[in-house]
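Hi,

Here is the structure I promised to pass on.

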Amino acid sequence: MATAVQPVEKTNYLNADYGIKSWLLTTDHKRIALLYLASVTFFFFIGGFFAMLIRLELLTPAGDLMQADTYNKVFTMHGVIMVFFFLIPSIPAVLGNFLVPIMVGAKDLAFPKINLASWYLYMIGGGLTLYGLINGGLDTGWTFYTPFSTTYSNTNVSIVAIGVFINGFSSIFTGLNFIVTIHRMRAPGLTWSRLPLFLWAHYATAVIMVLGTPVIAITLLLVAAERLLHLGIFDAKLGGDPLLFQHLFWFYSHPAVYIMILPAMGVISELVTCFSRKRVFGYNFVALASIGIAVIGFLVWAHHMFVAGISVYAAMVFSFLSYLVAIPSAIKVFNWTATLYKGSIRFDTPMLYVFGFIGLFTIGGMTGLFLAALGLDVHVTDTYFVVAHFHYIMVGGAIMGYLGGLHFWWPKITGRMYPESWAKLSALLVFVGFNLTFFPQFVVGFLGMPRRYHAYPPEYQILNILSTAGASVLAIGYIFPMIYFAWSLRYGKKAPANPWNAAGLEWTIPSPPSTFNFDETPVVTWEAYNYDEIEETQEAEVVG
Amino acid sequence: MSRTQKVLEQDGLRYMPNFPLFPERASTLAGHVDALYFFLVALTLVFSVAIALGIAILAIRYRKERQPKPIQVEGSLALELTWTIIPLGITMVIFIWAAAIYFYETRPPKGAMEVYAVGKQWMWKFEHVEGQREINTLHVPLGRDVRMIMTSQDVIHSFFVPAFRTKADVLPGRYTSVWFRATKTGRYHLFCAEYCGTQHSGMIGEVVVMDPADYQQWAQSGTDGSLASFGEKAFQQYGCAMCHRADTQGRGPNLVGLYGKQVLLDDGRTLSADETYIRESIMNPGAKIASGFKNIMPTFEGQISEEEMVALVAYVKALGNGMANPPAPVANPDNGVYPVTPNKEPSMAAPNQQKSAPIQPKPSGK
Amino acid sequence: MSEHIVSPKIYVSVFLALLVFTGLTYSIALINLGPFNAIVAITIAMIKSLLVILFFMHVKYSPKMTKVSIISGFFFLLILLGLSMTDYISRPWAGSFSKAAQQDTQQR
Amino acid sequence: MSDSQTAVHVLKHHFRDMEQQNETASFGMWLFLVTEIMFFGGLFCAYLIYRVLYFDSFAAASSTIDVKWGAINTAVLICSSLTMAMAVHSAALGKRKALVGFLVLTIILGGVFLGIKGKEYYDKFEENHVPGSNYHFIVEPELAHKFHAIDPAKTEIFFSLYFIMTGLHATHMVVGFGLLLWLIIASMKGKFSPGYYSPVEMVGLYWHFVDIVWIWLFPLLYLISRHH
């Protein structure tokens, strides 16, 4: 209320209109981004709560904290919520929604109503999933493997499958909006070679969303149809092939990993340039690597199925292709590192997340080589090694990128600064807690502990205790930002338009921006990350 | 809290000395897998440390305080090519190395002894050719190639023995296979590695590797006949012998010597008569019809358990190598419910023909 | 609007062509051409869809970006079909282990 | 925004001009259709794999469907595509009456298609060819003679695919009905002009896409092996 009556405050997208209706019926991409931020955070903490339950159960070898069925439901809901309702929408729907139109110099996304519809679809899908969760749960694992999901599970498979199906359209709408916006709404002078890498990454992500998501939608629809209508597409009793489900499922769900990591890579490119005051090293390679990852990412899905009973020869083809997709990721890591060279490096919180991201993503990526290696994958697949690997990519990579981006753009989004020392502390906690949680899982995985085990042989206990201890630290690292971000909304220092002195169109407008972002359409005459020019003008100002 | 303490005191301390960081190595495959693993661990260390050191050195050397003004560097094609081509080369080496191991582990060597496995929620059933049947424990001899022929009665399971570094999913509706040669006697973990429902983590067991002599003794003690003889009983019980006679007069193909041969199908294709084919021909007889026969056999889907199926398969296989009695002609064919004579001269071999001769000559094309 | 206005004559001729191709695909299906039945059916369906896409949907007169998106859609569909088929087609090839086992039983 | 001129009225705030707005709408629609390709693509993938694996069962099941209705329906849908194209044409020329007329024709033809589809579904139901516990596939001697390896279980997979593919296609048509009705009402109110008819165009694209899906479903489901 206090802020509302301040007469001097400039009109911005936050105070342009008041009331619940002005939020729920908004077509402003920035307000929708905030709606997403709230709902994604909500799902993150639900998913995180399940993660804590998993870690507590695994503290002891015996299945003593909860029943086996409960445990199965807990890890399933952890996976379903984190993958479909947190990781996939996190960066695109929050940061992407907020920034893509501003970065292209537009007043909004191409289809604002569809953007709002996508949030409603997300909420309906999420609501259905939560309903399924409260009302009996789901125990198939987030992978919905048939015939367990179609025939043997007596939990809410259909409800959750339809929830994820609906959520899929939310993702499609977001992706569609991004592609059209980046193609058609760019400001004059903003050529493809001048696009910030954040946009390249989101473009690649959107391509995957548009091409991949429909396949998982139809696949889950088939699972629901098999349960509800007794259609028998995957039914082994009729001669149906359970592996067909896996093919269709992974056709989306492998590229979905890139939906999670590519936007984070985009964030990192923005951050690393800003805090080393430099143009990104090898712009073209980093940009094309995003597209390369998106395209090749569609050719590798069956590496999830090397022991599943697919043909030996197909396995070799997919293993080969999987190695090709490793290359663009490696290129990115090298280029980010090289960007530091001869920079003028600052250690603000977002940069700490950059360092964390590069380190953890390197380990995550390298362990991916283990899993693409046919002969070795046979041993480590379906063990905690895989669990550790994909958490290094998704938590160590995607969430690090998300948090880094959130800290970087928080002043722009809210117009407030967060307390820097608390933020640094929690970045450190996240890094330490993360490694303590997931590094032991590599070891216990190679020892042979299968994933999704409610009870396990006692010799794996020490490593599991370490992991649980790390998870507690990690949880604190995640709760801190939640608290100080909320605190900053009211008590944080007012943020200037460009607190980091960063390049990019979003920093040329006030914090928070006005409803239509730009008073007049900007004309872009510079390359992305023109920190040389920025440094010069800054010097001139100081001198003047 | 007190629970944790209790556990630490009881279980934790008890197992503290037994705190492995590396799984036991008990098969011929394990060494190959571990070599690749160590190579990759070293590679990961080299790259991660290089990147981490690179970041640390650059971040300290070019920190704002020391380098107040950045110097712009555009990029370098030479560098880009270097860090594209070198990783590509390294990954290709890994690919070929790993593919070679995979090829090794997916092709059972000649002379492997066979053990049948049936996975069901939530137990492993093993059936040895000698007739021993066991649940959740698998006895195998040391130093001998063992090929597991596996199927599932319900959902997907996965046969995983960490000490052997091998794993294969077990699917409903078909047979999958995995092989190993144990190199160390002992008891090893057997896990189900594919999530299969409530008691997934209870679907565990042990692989007991025994000296060959001990194994021989174990295998022969207290069985009521071999797996094939169990299958023979089932063969009689389900009336298979009515049609599948050991001569040319049956309404169904003569099964003697069938296993492993090329079979000419009604639609002109040929295929190798393996376990999956035999199983399918019992479950869905119409799916693949041997040339010269009619689609008259009823389906046994839902009537035969996977364990009986395994025995039947073992019996049909044994028919080929003279280790089982050929099916005795039981009933008078005229009592049969189904049409009597094959519509063409049966093209299956007569029982006394040489085993090694293919039942049908391979078509010249394939 | 800068849209190209297509003459109704073109619409009607495309419509007639579609009807003819429907008749053609049906009558060819009645003749036994072995594997060519499927090939002919697919070719005709492709021609028909192309006619609809180019003329009814105005893609012939659309910006290049539209064409590229459509082609990429079909390209990724082909990837889905093609790469899944590599598994299904080559699965029986691996059946050779049975032969190895058989040779062994003969040796014994 | 409150300007009375139509052309300005329909320009949304975040576009520079009508050309940008129209091109954006058309591009967005095409991208949506690309997602539809992949959506049906999953089904086509399942179809292809099972058809290759179980050709005889698929061919036998396919030949029990009455091809006559499928052929008629193909023709009906092609007609409706023509009327839809003509509707877009009329909108571009600003002929309101013709526009409404062609849209109504399109809906009627779509209704005929669904009616015939319903009759076919009813026949399947009568023949016990609807997958589920009542499913029953009798291998007639004629079929058995023509196709070597018919497995009734696998014909059930065919019919599962048949129902899900045609069912989803029909669902798309029902959605199309809603869109057409909306267009009819809007065009009767005179919302469209030669300067602004992109909704008609977008619905047209959607309708033609639905037609293309059927162009594939017809040979794939009805004509697997029809020769004697």
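This is a predicted model: local features need pLDDT of at least 70, side-chain atom pairs count only at pLDDT 80 or more; totals for chains, interfaces and linings use all residues.

**Chain C and its partners**

Let's start where chains C and D meet. There, 39 residues of chain C are in contact with 40 residues of chain D. On the chain C side, α1 (8–29), α2 (36–56) and α3 (64–90) each supply at least two residues. Which of these helices gives the most? That is α3(C), with 13 residues. If you sort the chain C side by class, you get 27 nonpolar, ten polar and two charged residues.

Within chain C, have a look at α1(C) and α2(C). They pack at an angle of about 170°, and their axes are 10 Å apart. The two helices are therefore roughly antiparallel to each other, as an angle over 145 degrees counts as that.

Chain B has an open sheet of five strands, in the order β3-β2-β1-β5-β8, with mixed pairing. What stands at the edges? Those places go to β3 (133–135) and β8 (176–181), each with a single partner strand, so one side of each has no neighbour in the sheet. On average, neighbouring strands are turned by 25° against each other, direction ignored.

At the β3 end, β2(B) (residues 123–128) runs antiparallel to β3(B), and three bridges join the two. If you want a pair to find your way by, Glu127(B) stands opposite Arg133(B) in β3(B).

Two backbone details in chain B are also worth a look. One is a cis peptide bond between Gln121(B) and Trp122(B), with omega about -5°; Trp122(B) lies in the loop between β1 (113–120) and β2. The other is Arg165(B), which has a positive phi of about 60° although it is not a glycine. You will find Arg165(B) in the loop between β6 (157–161) and β7 (166–170). Is Arg165(B) buried or exposed? Arg165(B) is buried, with 29 other C-beta atoms within 10 Å.

**Chain A**

In chain A, α7 (157–184) has 28 residues and reaches 40 Å from its first C-alpha to its last, close to the 40 Å expected. Of those 28 residues, 26 are buried, so α7(A) is mostly covered.

Chain A has its own cis peptide bond, joining Thr146(A) and Pro147(A), with omega about 0°. Pro147(A) sits in the loop between α5 (112–134) and α6 (148–152). Further along, Asn517(A) has a phi near 65°, a positive value in a residue other than glycine. Asn517(A) is in the loop between α16 (461–491) and α17 (531–543), and it counts as buried, with 23 C-beta neighbours inside 10 Å.

Cheers

Methods. Residues are numbered from 1 along each chain as its sequence is written. Chains are lettered from A and ligands numbered from 1 in the order in which they are written. Two strands pair if DSSP finds at least two bridges between them. Helices (H or I, at least four residues) and strands (E, at least two) are DSSP runs, numbered from the N terminus. Axes are lines fitted to C-alpha atoms, for helices over the stretch in contact, and angles run from 0 to 180 degrees between N-to-C directions. Two residues are in contact if their C-beta atoms, placed from the backbone, lie within 7 Å. Ala, Val, Leu, Ile, Met, Phe, Trp, Tyr, Cys and Pro count as nonpolar, Asp, Glu, Lys and Arg as charged, and the others, Gly among them, as polar. The expected span of a helix is 1.5 Å times one less than its number of residues. A residue is buried if 20 or more other C-beta atoms lie within 10 Å of its own, exposed if 12 or fewer, and partly exposed in between; C-beta atoms are placed from the backbone. Angles under 35 degrees count as roughly parallel, over 145 as roughly antiparallel, 65 to 115 as roughly perpendicular and the rest as oblique.
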